[in-house]
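Hi there,

Here is the structure I promised to send over.

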Amino acid sequence: MKSPSRVLSGMRPTGALHLGHYHGALKNWVRLQDSHDCFFFVADWHALTTAREHREGLEQNVYDMVVDWLAAGVDPEKATLFIQSRMPEHAELFTLLAMSTPTAWLERIPSYKAHLEEDREPPNFGFLGYPLLQAADILIYKAGLVPVGEDQAAHVEFTREVARRFNRLHSPDAPILPEPQELLTETARLPGLDGRKMSKSYGNAIAMRDAPAVVEDKIRTMPTDPQRVRRSDAGEPARCPVWPLHELYTDEVTRHSLAQGCRSAGIGCLDCKQPLIDAVLKEQQPWRERADQYLANPKQVHWIVEVGTERARGIARKTLREVRHAIGLDY
Ligand code: TRP
Ligand code: SF4
């Protein structure tokens with residue numbers, strides 16, 4: 001029996017995903033699909049609201065990302081996978097919600113304010129409306145739980161306010177749009193190869209589908225404790241960008257002996273990195289096997305998305321009928 005609360009989450013199509021995406025989001029999706037009715041979608045409209053670089057190769061990025069979802073173990077038999085731009089229903093709900101949402105609410109969203117302060121490319125109207133589109137994505141499925149990273153919690157809170165106001169104005173006796181809760185992913189941010197947050201744009205990421213030789217090379221050349229210049233210098237794991245990866249991948253007993261080896265200069269950094277390389281390669285093995293199957297059969301991926309899109313559309317249409325009726329648009 002699955003929980004009655006529906007789960008919905010979206011990801012902007014950034015192309016091939018990396019280990020940070022897996023540990024920060026996908027791992028959680030795979031877990032949730034067994035216990036909840038899950039909807040996962042490619043937020044490709046959202047990608048159009050921001051930097052121009054995200055618009056190039058969009059189709060490739062969309063399908064690379066879906067293959068990574070499937071590779072990670074997201075199961076189209078258990079979860080519904082779809083693409084936002086194939087769902088004009090989201091745009092209709094966005095329009096209708098816009099009529100009861102004060103502009104000021106959007107102007108005070110942290111990501112919008114930060115954009116203005118950073119003095120980048122002037123924001124377009126779509127960027128201002130970004131959180132309202134996200135609210136429509138969520139509310140159209142009456143999702144109860146929204147797995148997101150911390151940076152998105154403000155958008156889910158905003159979604160609750162939008163729902164509350166809509167219900168109060170249009171269906172005070174029997175609320176139509178339930179208020180969702182965010183489900184924060186508890187894994188700490190996975191640091192990248194240079195110790196900063198793992199991100200494709202920093203060039204410090206290990207992709208989920210990086211070839212074994214590439215993974216090996218990336219980890220072997222990772223910087224270590226800057227004070228451990230020679231093999232004979234004692235090191236300190238707390239100063240080493242490699243260490244947080246051990247905290248994720250390596251069991252406590254091994255970790256303890258590695259830390260001792262580091263502090264006493266008993267082991268070299270390559271010795272220390274080897275178990276990490278082995279662990280990442282082992283983790284990637286099933287991803288690679290699943291991905292190879294889908295890459296050999298791209299039609300199957302399109303079909304999965306097609307089926308998911310139609311399943312999602314059924315639910316979206318039903319909510320829209322209720323919303324139109326509540327507003328008095330059912331003539
Ligand atoms: N804004 C989210 C992000 O950048 C993507 C997103 C769009 C989303 N719509 C959503 C996430 C609805 C959860 C629910 O990561
Ligand atoms: Fe970092 Fe390990 Fe080298 Fe110590 S031995 S500096 S923890 S890589």
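The buried residues of helix 4 are covered by, among others, helix 2 (44-48), strand 3 (79-83), helix 7 (125-139), helix 8 (153-170) and helix 13 (298-327). Helices here are DSSP runs of H or I with at least four residues, strands are runs of E with at least two, and both are numbered from the N terminus. Helix 4 itself spans residues 88-98, and its buried residues are Glu89, His90, Leu93, Leu96 and Leu97 (buried means under 20% relative accessible area, with a 1.4 Å probe and protein chains only). They lie on the same side of helix 4 because they cover an arc of only 125 degrees around the axis (the arc is taken from the directions from the helix axis to the C-beta atoms).

This is a predicted model, so local features need pLDDT of at least 70 and side-chain atom pairs count only at pLDDT 80 or more, while totals for chains, interfaces and linings use all residues. Residues are numbered from 1 along each chain as its sequence is written, chains are lettered from A and ligands numbered from 1 in the order in which they are written, and side-chain values use heavy atoms, leaving out hydrogens and water.

For the chain as a whole, there are 13 helices and 5 strands. Of its 331 residues, 48% count as buried. The C-alpha atoms fill a box of roughly 80 × 45 × 40 Å along the principal axes.

Around ligand 2 you will find Thr224, Asp225, Arg228, Pro237, Cys240, Trp243, Cys262, Cys269 and Cys272 (each has a heavy atom within 4 Å of the ligand).

Best wishes

Technical notes: Buried < 20%, exposed > 50% of the residue type's maximum accessible area, 1.4 Å probe, protein only. Contact = heavy atoms within 4.5 Å.
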